[in-house]
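Open your viewer, turn on residue labels and keep the selection tool handy. We will go from stop to stop, with something to select at each one.

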Amino acid sequence: MTVLWILLALILAFIAVIVVRVILFQPKAEPKVESVSFPVDAEKAAEHLRRMIRLKTVSSRDESQIDIKEFEKFQALLPELYPNVYRVCQYERVSRHGILLKWPGKSAQSPSVLMAHYDVVPVNEAEWDEPPFEGVIKDGELWGRGTLDTKCTLLGVMEAAESLIQRGFVPANDVYLAFGGDEECMGGDAPAIVDELERRGVRPAFVLDEGGAIVENVFPGVKEPAALIGISEKGSAFVDIAAKGKGGHASAPPSRQSVGLLARALDRLASHPMPFAMTPPAAEMFDLMGRHSTFALKLVFANLWCFRPLLNMICKASGGEMNALVRTTCALTRLTGADAYNVLPNESRAGVNVRVICGETVSQAQARMERIINDQNVTVTVVDGNDPSPVSPTNAEPWERLSTAILQTYPGVLVSPYLMLACSDSRHYCRICPNVYRFSGMPLSKEQRGMIHNRNERIPLKLLPDTVSFFGRVLLRC
């Protein structure tokens, strides 16, 4: 009986602890920010973006697939659209397509870098409802490849800088505007720009690139819109999985065929997810967003010390963005076998895009994949890859500068760090700057986020003025 009473007391104590932690798990006080007006000529901004979209700056690792004249037209377009920027800033070309503009400030002590890329991914024009490179405006939306990824952010930076220079504004510190032309193919423009800044001894205090957006209904139980700022990004690797079998005529198939071996290997990867990992960006996000969630979910987020397995199950079941926040993921993207129905291939091959969680390396992910597959006839080869980026702090002036600009532009949103799931050129800047952030400066719906790298990419024109204002407010504090 004594044991039973002790057990009951322990259960009650456990319940009391988790309930008290939930009661104390309240939203943090939102900082008060000073209102700063930033007028924008919305029609001019829309027309400028249309002209950018009409240029087919499709990048590729294969130079023969690049229309270099389109890139040159884009480089010539910017000084036409933004004469004040090119009058005040020191311009230079870096690497193949890189654009670097130095805006001299009152001091060179704490420079800032605002980034974007102007190259875009290829399109299958037959899949589009409107032409992807004509800048069609329909029902208040501008259609075209690059409207969301990411000529829109380049536009925001340049429109804001042009407006400020026209008003006679001089930044407190030097500002670098850095635009790459091969981000989509993981090219060399951004690394070359970083090399050049490092050669000059430039150590930025703040770097801002594309990344998170203002989103809704992405965090369980949270109804408020949230501005998600990437303070780190996952690593990325292109991995080949090759299975060897006996080739020959398909009329007498052997027991071990390469396609079958490959299928089993891929099934093992799909059915054995990588382990749950609570990274600093995810922990900060769960702590902040969890305070705005429902009571039932607060029980989990306020007590992750005991409910981590439950959170793991929730993320596995939900898949998508929530699951990708807490583990290395494997996306099966390519398959090759024989070229004919009646031929047994000696080797079948699959392509996998691996997104590596913070705290793990590409080589560690590769070794884990080999253990999961566990087949001597199957090889796992990393074709290309980069490890996760370092984590930028959320308790210093650069973070406060960015969060203030967001709240000035979008009052009432929750500002939260998160782990960026995709890769950006900003990862290259981590070796010269500890404060690298990824935020695109605009609200994007789930549908709009789904248009990135997809057909019918388009942006509501009503988003452009606030996007320009956001970047203007960032520049005012540089």
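Is Lys73 buried, partly exposed or exposed? Select Lys73: its relative accessibility is 45%, and Lys73 therefore counts as partly exposed, where buried means under 20% relative accessible area, exposed over 50% and partly exposed in between, with a 1.4 Å probe and protein chains only.

Before moving on, note that this is a predicted model, in which local features need pLDDT of at least 70 and side-chain atom pairs count only at pLDDT 80 or more, while totals for chains, interfaces and linings use all residues. Residues are numbered from 1 along each chain as its sequence is written, and side-chain values use heavy atoms, with hydrogens and water left out.

**Stop 1: salt bridges**

Glu70 and Lys73 form a salt bridge, with their closest N and O atoms 3.3 Å apart; the term stands for a side-chain nitrogen of Lys or Arg within 4 Å of a carboxyl oxygen of Asp or Glu. Both residues sit in helix α3 (residues 68-81), three residues apart, or about one turn of the helix. Helices (H or I, at least four residues) and strands (E, at least two) are DSSP runs, numbered from the N terminus.

By the salt-bridge rule, the count comes to 27. Select Lys28 and Asp287 next: this salt bridge has its closest N and O atoms 3.2 Å apart. It ties together distant parts of the chain, 259 residues apart, with Lys28 in the loop between α1 (2-24) and α2 (42-53) and Asp287 in helix α8 (residues 280-290). Asp287 is partly exposed, at 24% relative accessible area.

Now go to Arg458 and Glu141, another salt bridge, whose closest N and O atoms are 2.9 Å apart. This pair also links distant parts of the chain: Arg458 belongs to strand β17 (residues 458-460) and Glu141 to strand β5 (residues 141-143), 317 residues apart. Arg458 is buried, with a relative accessible area of 13%. For a network, select Glu92, Glu196, Arg199 and Arg200, which are joined by salt bridges that share partners.

**Stop 2: two helices**

Show α2 and α3 together. Their axes are 10 Å apart and the helices pack at an angle of about 165 degrees; axes are lines fitted to C-alpha atoms over the stretch in contact, and angles run from 0 to 180 degrees between N-to-C directions. That makes α2 roughly antiparallel to α3, a label for angles over 145 degrees. On the α2 side the contact is made by His48, Arg51 and Met52, and on the α3 side by residues including Phe74 and Leu77, contact meaning heavy atoms within 4.5 Å.

**Stop 3: a buried serine**

Where is Ser426? Find Ser426 in the loop between β15 (414-420) and β16 (436-443). Ser426 counts as buried, at 0% relative accessibility. Leaving aside residues up to four places away in sequence, Ser426 touches Met115, Asp209, Glu233, Val436 and Arg438.

**Stop 4: backbone details**

Most residues other than glycine have a negative phi, and most peptide bonds are trans. Select Asp149 and Thr150: the peptide bond between them is cis, with omega near -15 degrees. Then try Asp139, where phi is positive, near 55 degrees, and Asn374, with a positive phi near 50 degrees. Asp139 is exposed at 73% relative accessible area, and Asn374 is exposed at 61%.

Note on methods:
Angles under 35 degrees count as roughly parallel, over 145 as roughly antiparallel, 65 to 115 as roughly perpendicular and the rest as oblique.
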